[in-house]
Amino acid sequence: MKTKKLQRLALSISMALPLSMALAPLSPTALAQSQDGAVAGRTEPGAQVIVRDRGTGFSRTVTANADGSFRFPFLPVGVYTLDATKDGNDIATGIPVAVNLGRTTMVDAGTIDEIQVVASRSMNVIDVSSTESATNLTQMELARLPVDRDLLSVAELAAGVTRGEFGGISFGGSSVAENAVYINGLNVTDFYNRVGFSSVPYSFYEQFQVKTGGYSVEFGRTTGGVINAVTRSGTNEFEFGAEAVWEPAFLQSGGDNHFFGNSEYIASFDEYDRQSLNLYAGGPIVKDKLFFFGMYEARRYEPVNTNNAATLINEEVSDDGFWGAKVDWQINDANLLELLAFSDENTAETDIYAFDFDTGTRGAYQSTRFFDNGGTNWSATYTSYLTDALSVRAMYGENDRSSAGYSPNDIECTRIRDFRDVGTGDLGCTTTTSVTQRDDNREQARLDFQWTLGDHRLRFGVDHEVNTSEHSQFYPGPERLVYEINDTAPGSTLANGGVVPAGVDAYVRTRSNEVDGEFETTATAFYLEDSWQVTDTLVLDLGVRTDAFDNKNSDGDSYIKIDDMIAPRLGFAWDVKGDGRSKIFGNVGRYFLPVANVINIKQAGGFADVRTFYAFEGLENFEYDGNTYQRPILGAQIGPVDDSQGDGSVGDLRGEVDADMDPVYQDEIILGYQAMLTDRWSYGIRATYRELNNAIDDMELTSNGILCNGDTGYVGWVMANPGEPTTVFTDTDCDGESDAFVTIDTSKAGWALYDDDGNYIGETGYPKPERTYKALDFVIDRSWDNDWSFNGTYTLSYSEGNAEGPVNSDTNFSDTGRTENFDTPWVNFGGKGDLPNDRRHQFKLRGAYAINDSWQIGGSLVAHSGGPINAFGVGNPYHVKNYRSYFICTANCTADFAHSEREWELRPRGAGGRLPWIYNLGLSVSYLKSFNDMDLKAKFAVYNIFDQQRELQVNDRYETTLGFPNPAYLQGTSFQSPRYAQLQVTVDF
């Protein structure tokens with residue numbers, strides 16, 4: 001890019017962007033679409049208003065209404081100029097307008113009595129037509145800050161967003177499995193487990209929007225938050241460049257070794273080297289008509305890490321490149337066509353070696369593990385401005401994600417794990433967790449309309465997805481089993497009900513876990529929203545969305561089908577003084593969450609989960625591939641084979657799923673105020689209340705309420721709404737065969753109770769899932785003026801209840817919708833309290849300062865209080881079956897005593913205290929220099945400056961078996977990443 005042209009563009013953006021973005025961290029966004037923005041404002045009635053994209057020449061013209069209002073919907077993101085004329089007279093000329101993702105930029109174009117012929121008229125910062133809550137960020141703003149180069153790090157800059165488990169983030173107290181991610185309007189969220197998404201390189205993005213609540217009816221299928229992003233596009237000016245990024249191992253701090261007594265329980269010899277070289281080009285194919293932008297990124301990631309016991313070291317290489325392309329065709333001033341395609345396919349190859357902790361040396365080669373992920377994605381979007389008042393956008397796209405983990409050893413080697421004491425070592429000739437192959441394909445189609453009728457702006461449309469998973473999964477080895485060795489004590493009761501015999505102090509559990517098939521889910525939604533300009537200072541948004549989900553089994557039959565999910569949403573915005581500089585806003589709404597495909601696969605696809613327990617009689621050596629390994633010697637079987645989680649057959653699903661299931665939904669209320677202090681300083685406050693009103697989970701129903709020979713009919717594991725009536729097909733005539741539907745009120749029935757002699761004495765039910773989130777967000781912001789910028793937020797929040805959401809991070813259970821919370825009525829009994837994603841206090845500060853024209857410094861600090869720690873037990877006072885609970889057995893815990901003689905102590909959720917405060921400070925320095933036709937930027941950033949490595953999660957299992965404390969209780973299991981540095985060099989032509 002030419003230097004002078006770059007300077008002129010930067011000047012224009014500096015005039016338009018800071019004002020339109022000043023309140024971005026707390027500003028509700030307007031009724032713009034998911035992949036573009038809008039411009040609205042007032043001028044002389046009947047005036048001709050023109051907006052023109054400076055980069056592409058695209059222009060649109062509308063006539064101002066009788067009240068002087070005008071609006072441009074569905075505008076591609078970019079920098080525009082706005083002109084207004086009437087009867088040959090100029091009213092405004094060359095007003096710079098920044099069109100930002102998902103927002104409406106408000107412009108006062110003046111009247112015939114106050115003609116403006118230069119680009120000096122400022123835009124109102126506060127959009128009085130808006131009720132959504134979101135944070136908008138651009139590549140230009142982020143380039144000045146030490147922000148890691150991924151979407152989650154960008155999203156974490158928003159108030160109320162925290163890092164969660166399983167590599168995800170939590171919005172407003174929700175679990176990490178409740179969010180949605182869009183790229184150019186294409187939904188790229190992982191629908192298998194709803195954790196993760198397809199990704200593109202950081203430098204391929206143009207703008208980001210993080211929706212934290214109150215989003216419009218256009219968005220659904222989420223009870224958490226939305227990350228919305230658009231990619232770069234070509235313009236009339238040809239540009240090309242290169243960007244190199246390096247995170248070298250020698251600039252990283254070493255990870256700490258963690259001790260228990262005199263021995264390590266988590267040893268760390270971890271480091272990595274990450275490199276990427278990005279080549280990109282864009283420009284006109286036909287000036288003012290057809291544009292392209294393309295990118296190829298060569299990348300190499302080489303992490304090295306040991307297992308916790310430091311007996312193995314893994315050396316990984318991942319070097320597949322990324323490609324992406326975007327084509328924009330401005331057919332005419334009323335029709336646009338956009339094509340997007342990218343591939344994030346990748347294979348990681350990991351060589352595994354023996355490792356000697358004392359000498360820190362690598363030993364003999366063990367095996368190689370491969371992991372494939374990613375896929376090819378594409379979308380086509382057509383936009384048509386049918387009239388000044390009516391516009392339409394149609395989009396179709398496909399999102400592919402593959403996932404496969406395998407090793408050459410998987411055919412012959414069984415995985416053997418030793419959990420005794422505090423070790424988690426692998427003893428066998430493979431460390432592969434599971435042999436998996438899954439291909440997920442989303443076919444998405446959208447049709448969106450916007451129609452202005454006087455004081456009403458109507459938006460309506462339809463959104464349809466077909467999500468298909470082809471899945472195969474099993475454990476490695478010829479038997480497809482995993483062997484796990486655990487400590488125990490004579491007389492203890494195991495998870496299958498077996499009692500440990502005398503003289504046995506350890507047991508071996510073998511487990512198979514298999515599923516195979518093709519599974520499809522369809523999701524359809526219709527929405528309608530009216531943004532009504534009631535007065536000059538008051539706007540009401542009245543919207544409704546209706547969703548339908550249909551999850552199917554491996555035979556293609558409906559497994560869980562829920563429709564008529566009506567989601568009303570109401571918002572208001574009041575321009576307090578009528579000058580656009582302060583606003584009170586609020587909204588109430590309902591949001592529904594679909595059932596993830598993992599439920600189809602695990603519950604409706606011939607899932608086999610078979611567990612058998614044996615007495616442990618020592619280890620024996622065996623040879624494989626020139627190396628010596630160990631395997632357990634199995635003694636007598638303890639208790640029955642447990643296939644209650646799945647016996648391999650699909651079965652009659654009428655007995656495994658509630659026939660009248662209600663959906664998962666959340667209600668939300670937001671009330672806020674925001675105001676300008678000066679043209680660059682702003683502040684705001686927002687109060688949020690969220691309540692999760694339902695859950696879908698697997699429950700074991702041991703009683704259908706029908707007595708047969710003094711006992712009740714066993715139902716089994718059922719997908720249903722805990723604490724609500726459940727209708728299942730079951731045995732009603734005591735012949736052992738299911739013959740009719742029965743409705744069971746699981747709030748007070750469904751689980752049979754027995755006395756110490758085995759006599760049936762009644763029933764109990766399951767607790768109803770509860771989750772609430774209450775928060776106050778405070779923000780102060782100074783927009784960038786080519787000298788400095790600052791943003792600070794503080795969030796005071798309370799996330800409370802007995803259910804985190806569709807995943808369990810406190811028990812490390814990531815199968816969405818199968819959380820273990822409702823496996824028995826006693827798992828969650830007394831478990832109401834602070835939830836895993838509760839971070840009571842959060843501070844986020846970021847800013848940048850230009851020392852001179854060539855040097856800039858930036859800083860970012862995230863500090864938050866720690867989450868709650870539990871003290872889980874394994875039994876309860878009410879039932880002999882041991883699993884997980886909030887009760888600790890304090891006396892008479894062995895098999896010598898009857899269950900009724902045992903003594904218990906309730907330790908509710910959070911009884912173990914709190915994790916430590918987490919501080920993460922990053923600093924960066926940037927150098928910018930222009931050389932004729934070349935622009936150079938070099939940026940050096942250091943993250944976690946003080947090398948904090950505090951606990952992010954600890955072992956909160958207080959007991960191992962009934963009455964026996966866990967020696968590893970409160971030991972850290974996850975820690976902050978050590979300090980690391982990143983060097984980035986960008987050259988643009």
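Residues are numbered from 1 along each chain as its sequence is written, and side-chain values use heavy atoms, with hydrogens and water left out. Because the model is predicted, local features need pLDDT of at least 70 and side-chain atom pairs count only at pLDDT 80 or more, while totals for chains, interfaces and linings use all residues.

## Sheets

Helices (H or I, at least four residues) and strands (E, at least two) are DSSP runs, numbered from the N terminus. Two strands pair if DSSP finds at least two bridges between them.

Eight bridges pair strand S5 (residues 78-86) with S6 in the antiparallel sense. Leu 82 has Ile 95 in S6 as its bridge partner.

A second open sheet has five strands in the order S8-S13-S14-S11-S12, and its pairing is mixed. Its edges are strand S8 (133-138) and strand S12 (186-187), each with a single partner strand, so one side of each has no neighbour in the sheet. S8 runs antiparallel to strand S13 (residues 205-213), joined by six bridges, and Asn 136 has Gln 209 in S13 as its bridge partner. Strand S11 (residues 180-183) pairs with S12 over two bridges, also in the antiparallel sense; here Asn 187 in S12 is the bridge partner of Tyr 182.

Six of the six residues of S8 are buried, where buried means under 20% relative accessible area, exposed over 50% and partly exposed in between (1.4 Å probe, protein chains only). On one side of S8 these are Ser 133, Thr 135 and Leu 137, and on the other Ala 134, Asn 136 and Thr 138.

## Disulfides

With a disulfide taken as a pair of cysteine sulfur atoms within 2.5 Å, the count is three. Counting bonded cysteines along the chain, the pattern is 1-2, 3-4, 5-6.

| Disulfide | S to S distance | Torsion about S-S |
|---|---|---|
| Cys 413 and Cys 429 | 2.2 Å | about -115° |
| Cys 708 and Cys 734 | 1.8 Å | about -75° |
| Cys 889 and Cys 893 | 2.1 Å | -110° |

The link of Cys 413 and Cys 429 is left-handed. Cys 413 lies in the loop between strand S26 (390-406) and strand S27 (415-418), and Cys 429 in the loop between strand S28 (425-426) and strand S29 (435-453), so the pair ties together parts 16 residues apart in sequence. Cys 413 is buried at 0% relative accessibility, and Cys 429 is buried at 6%.

The disulfide of Cys 708 and Cys 734 is left-handed. It links strand S41 (residues 707-708), which holds Cys 708, to the loop between strand S44 (725-730) and strand S45 (740-745), which holds Cys 734; the two cysteines are 26 residues apart. Cys 708 is buried, with a relative accessible area of 17%, whereas Cys 734 is partly exposed at 38%.

The link of Cys 889 and Cys 893 is left-handed, and both cysteines are buried.

## Salt bridges

A salt bridge is a side-chain nitrogen of Lys or Arg within 4 Å of a carboxyl oxygen of Asp or Glu. The count by this rule is 55.

Lys 602 and Asp 815 form one of them, at 2.7 Å from N to O. Lys 602 lies in helix H4 (residues 597-603) and Asp 815 in the loop between strand S49 (788-801) and strand S50 (833-834), so the pair ties together parts 213 residues apart in sequence. Both residues, Lys 602 and Asp 815, are buried.

Asp 448 and Arg 446 are also paired, with their closest N and O atoms 2.8 Å apart, and both are buried. For Asp 745 and Lys 748 the corresponding distance is 4.0 Å. Asp 745 is partly exposed at 26% relative accessible area, and Lys 748 is exposed at 59%.

## Nonpolar patch

A nonpolar surface patch covers about 990 Å², and its residues include Trp 246, Phe 250, Leu 251, Trp 788 and Tyr 849. Patches are made of residues with over 30% relative accessible area and no salt bridge, with like charges joined within 9 Å and nonpolar side chains (Val, Leu, Ile, Met, Phe, Trp, Tyr) within 5 Å. Areas come from the Shrake-Rupley method with a 1.4 Å probe; for residues, only the protein chains shown count as cover. Leu 251 lies in the loop between strand S15 (239-247) and strand S16 (258-260), and is partly exposed at 33% relative accessibility.
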